[in-house]
Amino acid sequence: MELNVLGTPLESCCENPATGYFRDGFCRTIDHDYGTHVVCAVVTEEFLEFTKKRGNDLTMPIPQWKFPGLKPGSKWCLCISRWLEAARQGKAPKIVLEATDNKALQYTTLELLKSYAFEPKK
């Protein structure tokens, strides 16, 4: 059983569109996932522009992968390295801790991750 960064069972990030390395909705990884897609983020316009400028346009639909393109507010499994890069630039999106794989802790601290915790509107 995969665990999240809080030490509880990993929850699904997004199933529509299906996200994650395995496209099963979960931000989990294996050795062949060179991007280490373990961060469940709620993307923002600022982050989408940031990553587009770095060569990864997440707004562009890719029909053969059943990917409609992301819009602000979409949940998506991000590469830990891109998320950390965005955090250093002040452009990282909030993350869903319950759906962020505990392998993220090999790259950063729980304290940093918690400082970006997504709080759903009540």
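Two residues are in contact when they have heavy atoms within 4.5 Å of each other. With that in hand, take a look at Trp83. Leaving aside neighbours within four places in sequence, Trp83 touches Val39, Leu78, Ala92, Pro93, Ile95, Leu112, Leu113 and Tyr116.

A quick word on what you are looking at: this is a predicted model, where local features need pLDDT of at least 70 and side-chain atom pairs count only at pLDDT 80 or more, while totals for chains, interfaces and linings use all residues. Residues are numbered from 1 along each chain as its sequence is written, and side-chain values use heavy atoms, with hydrogens and water left out.

Now for the core. Nonpolar side chains tend to be buried together in soluble globular proteins. A nonpolar core here is a set of buried Ala, Val, Leu, Ile, Met, Phe, Trp, Tyr and Cys residues joined through side-chain atoms within 4.5 Å; buried means under 20% relative accessible area, exposed over 50%, and partly exposed in between (1.4 Å probe, protein chains only). The largest such core has 25 residues, and Leu78, Trp83 and Ile95 have the most contacts inside it. Two or more residues each come from β1 (37-42), α1 (45-53), β2 (75-79) and α2 (80-88). These elements are DSSP runs numbered from the N terminus: helices are H or I with at least four residues, strands are E with at least two. The largest share of this core, five residues, belongs to α2. There is also a second, separate core of eight residues, including Cys13, Cys14, Cys27 and Val42.

How do the two helices meet? α1 and α2 pack at about 110 degrees, with axes 11 Å apart. The axes are lines fitted to C-alpha atoms over the stretch in contact, and angles run from 0 to 180 degrees between N-to-C directions. So α1 is roughly perpendicular to α2, a label for angles of 65 to 115 degrees. At the meeting place, Phe47, Phe50 and Thr51 in α1 face Arg82, Glu85 and Ala86 in α2.

A cis peptide bond joins Asn16 and Pro17, with omega at about 5 degrees. Arg23 sits in the segment before β1 too, and has a positive phi of about 55 degrees although it is not a glycine. Thr36, also in the segment before β1, is another non-glycine with a positive phi, about 50 degrees. Are they buried or exposed? Arg23 is partly exposed, at 38% relative accessible area, whereas Thr36 is buried at 11%.

How values were computed. Parallel < 35°, antiparallel > 145°, perpendicular 65-115°, else oblique.
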